Amino acid sequence: MTTYGMVIDVSRCTGCHNCFLACRDEHVGNDYPPIAAAQPQSGHRWMDVQEYERGKFPRVRVDYLPLPCQHCKEATCVSKAQGGSVYRRADGIVVIDPEKAVGQREIVLSCPHRVIFWNEAKNVPQKCTFCAHLLDKGWKQPRCVEACPTQALVFGDLDDPDSEVSQL
Ligand code: SF4
Ligand code: SF4
């Protein structure tokens, strides 16, 4: 068995947005049925690098929090969706079916982490897929993880006790 997971070391994140850009490069304009419809040109942040300012001028510090879908074990997006349109695969990846979820705007609000975005043109909710279309072809990690220059994103098999992600 394989259960995919990601650990994000926020202390390593420099806010470079490479992960966000790699996600856009992979998904904007590209359909990957039955995993995901194409991401629109603007408005979506499937890997959302959030910024938090701390302190007061002149002693200000910015921390970064890269926030993709958490691929929750008990996912409210799965339980709230109609007709099995959001489901958790055997490998732990939570997928929004781009055909079955058409018109279900309420799925956007079902996520407590606010990582689901509405595609106005396609009339469908969308989010991070852990690049499942690539993993299914034998890739070892999603594009965002590959693009991170500081190894802030660690991806792997949580069922393998020796994997880096399990060790972390
Ligand atoms: S969309 Fe939200 S609720 Fe659903 S798996 Fe991702 S983080 Fe969890
Ligand atoms: S690529 Fe890595 S360092 Fe850059 S914003 Fe993303 S997680 Fe942070």
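Hello everyone, let me start with one pair of residues: Gln-50 stands across from Leu-65, which belongs to β3. What we have here is a predicted model, in which local features need pLDDT of at least 70 and side-chain atom pairs count only at pLDDT 80 or more, while totals for chains, interfaces and linings use all residues. Residues are numbered from 1 along each chain as its sequence is written, and chains are lettered from A and ligands numbered from 1 in the order in which they are written.

Strands pair if DSSP finds at least two bridges between them.

Back to our strands. How many bridges join β2 to β3? There are nine, and the two strands run antiparallel. Another facing pair is Tyr-52, opposite Asp-63 in β3. A hairpin of two residues takes the chain from β2 (48-56) to β3 (59-67).

Now to α1, which spans 18-27. I will call a residue buried if 20 or more other C-beta atoms lie within 10 Å of its own, exposed if 12 or fewer do, and partly exposed in between, with C-beta atoms placed from the backbone. Which residues of α1 are buried? They are Asn-18, Cys-19, Cys-23, Glu-26 and His-27. Looking down the axis of α1, these buried residues fall within an arc of 150°, so they line one face of the helix; the arc is that of the directions from the helix axis to the C-beta atoms. Among the elements that cover them are β2, β3, α5 and β8. After α1 comes Gly-29, with a positive phi near 80°.

The loop between α1 and β2 has two stops for us. One is Pro-34, joined to Pro-33 by a cis peptide bond with omega of about 0°. Pro-34 counts as partly exposed because 13 other C-beta atoms lie within 10 Å. Is Ala-36 buried or exposed? With 24 C-beta neighbours inside 10 Å, Ala-36 counts as buried. Leaving aside residues up to four places away in sequence, Ala-36 touches His-27, Pro-98, Gln-126 and Thr-129; a contact means C-beta atoms, placed from the backbone, within 7 Å.

Next, the inside. A nonpolar core is a set of buried Ala, Val, Leu, Ile, Met, Phe, Trp, Tyr and Cys residues joined through C-beta atoms within 7 Å. The largest such core has 37 residues, and Cys-19, Cys-144 and Leu-153 touch the most other members. At least two residues of this core come from each of β1 (4-8), α1, β5 (94-96), α4 (132-135), α5 and β8. Cys-144 touches Cys-19, Ala-22, Cys-23, Met-47 and Leu-153, not counting residues up to four places away in sequence.

On to the ligands, where a residue is near if its C-beta atom, placed from the backbone, lies within 6 Å. Ligand 1 has 13 residues around it, and Cys-69, Gln-70, Cys-72, Cys-77 and Cys-111 come nearest. For the classes, Ala, Val, Leu, Ile, Met, Phe, Trp, Tyr, Cys and Pro count as nonpolar, Asp, Glu, Lys and Arg as charged, and the others, Gly among them, as polar. Around ligand 1 that gives eight nonpolar, four polar and one charged residues. Ligand 2 is surrounded by 15 residues, the closest being Cys-13, Cys-16, Asn-18, Cys-19 and Cys-148. That shell has ten nonpolar, five polar and no charged residues, and α1 and β3 each supply at least two of its residues.

Asn-123 has a positive phi of about 60° without being a glycine; it is in the loop between β6 (117-119) and β7 (124-126), and counts as exposed because it has 12 C-beta neighbours inside 10 Å. Gln-151, not a glycine either, has a positive phi of about 60°. Gln-151 is in the loop between α5 (143-147) and β8 (153-157), and its 10 C-beta neighbours inside 10 Å make it exposed.

How values were computed: Helices (H or I, at least four residues) and strands (E, at least two) are DSSP runs, numbered from the N terminus. Two residues are in contact if their C-beta atoms, placed from the backbone, lie within 7 Å.
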